[in-house]
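Hello,

Here is the structure for your files. My notes on it follow below.

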Amino acid sequence: MARYGMLINTKKCIGCYACRVACQRQNGLLPDENFIRFEEREEGTYPSVSVEHVPLQCMHCEDAPCAAVCPTGAAHIGADGIVAVDQGRCIGCLYCMAACPYQVRVRNSQTGAVDKCRFCVVSAHESGTKSCNCVDACLTGARIFGDLDDPDSEISQEIARTHAAPIAGDLTKSKIFYVR
């Protein structure tokens, strides 16, 4: 089975939010909910200042702290390695939100349940695309999705070529890699 991951190249990201809008539409999120959060980082001194747009989302950690603290097992790592939330089992205790070192979980204001990026698992299984809507929507090609264990995959080759790394080093065993 594939070990899915994503590469995000912040040098290509222009902060247009197309990925976030595509994700919101795919997952039927409320206007105030999003699985992709943006941080902006300014570098340099005037007049030579640049802005780096850093999209953050669930890192689908292999050692997911959110799953480790969930008292009901609603937050779990599936057989496909994707960190998921069983909405029917979530009691809204928010332990997973507190445990996530990336602060990328979202509480649904209507149901009280917690949710997060799903790597577009539903569309991938239904359509066989093996991609994510955020990747497809990216105007600049800043995102790549694929099998991290396949050395011939586009993502594996780009990680090797650009020396991409998890955003927080070895804080967790993240499956999202960044070019910065």
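**Aromatic cluster**

Phe119 and Phe145 are both buried, where buried means under 20% relative accessible area, exposed over 50% and partly exposed in between (1.4 Å probe, protein chains only). This is a predicted model, in which local features need pLDDT of at least 70, side-chain atom pairs count only at pLDDT 80 or more, and totals for chains, interfaces and linings use all residues. Residues are numbered from 1 along each chain as its sequence is written, and side-chain values use heavy atoms, with hydrogens and water left out.

Rings of Phe, Tyr and Trp (its six-membered ring) pair if their centres lie within 6.5 Å; planes under 30 degrees apart count as stacked, over 60 as edge-to-face and the rest as tilted. There are 3 aromatic pairs by this rule. Tyr4 and Phe145 are stacked, because their ring centres are 5.2 Å apart and their planes are at 15°. Tyr4 is in strand 1 (residues 4–9) and Phe145 in strand 8 (residues 143–147), so the pair links distant parts of the chain, 141 residues apart. The relative accessibility of Tyr4 is 18%, so Tyr4 counts as buried; Phe145 has a relative accessible area of 13%.

Phe119 and Phe145 form an edge-to-face pair, at 5.1 Å centre to centre with 75° between the planes. Phe119 lies in the loop between strand 7 (114–115) and helix 4 (121–127), so its pairing with Phe145 in strand 8 ties together parts that are 26 residues apart in sequence. Through ring pairs, Tyr4, Phe119 and Phe145 form a cluster.

**Cysteines**

How many disulfides does a search of the whole structure find? The search finds 0, a disulfide being a pair of cysteine sulfur atoms within 2.5 Å. For Cys61, the closest cysteine sulfur is in Cys58, 6.4 Å away, which is too far for a bond. For Cys120, the closest is in Cys132, at 4.7 Å, also too far for a bond. Cys61 counts as buried at 6% relative accessibility, and Cys120 does at 10%.

**The chain as a whole**

The chain has 6 helices and 9 strands; helices (H or I, at least four residues) and strands (E, at least two) are DSSP runs, numbered from the N terminus. Of its 180 residues, 46% count as buried. The C-alpha atoms fill a box of roughly 50 × 40 × 30 Å, taken along the principal axes. Among contacts (heavy atoms within 4.5 Å) between residues at least 6 apart in sequence, 58% join residues at least 24 apart.

Regards
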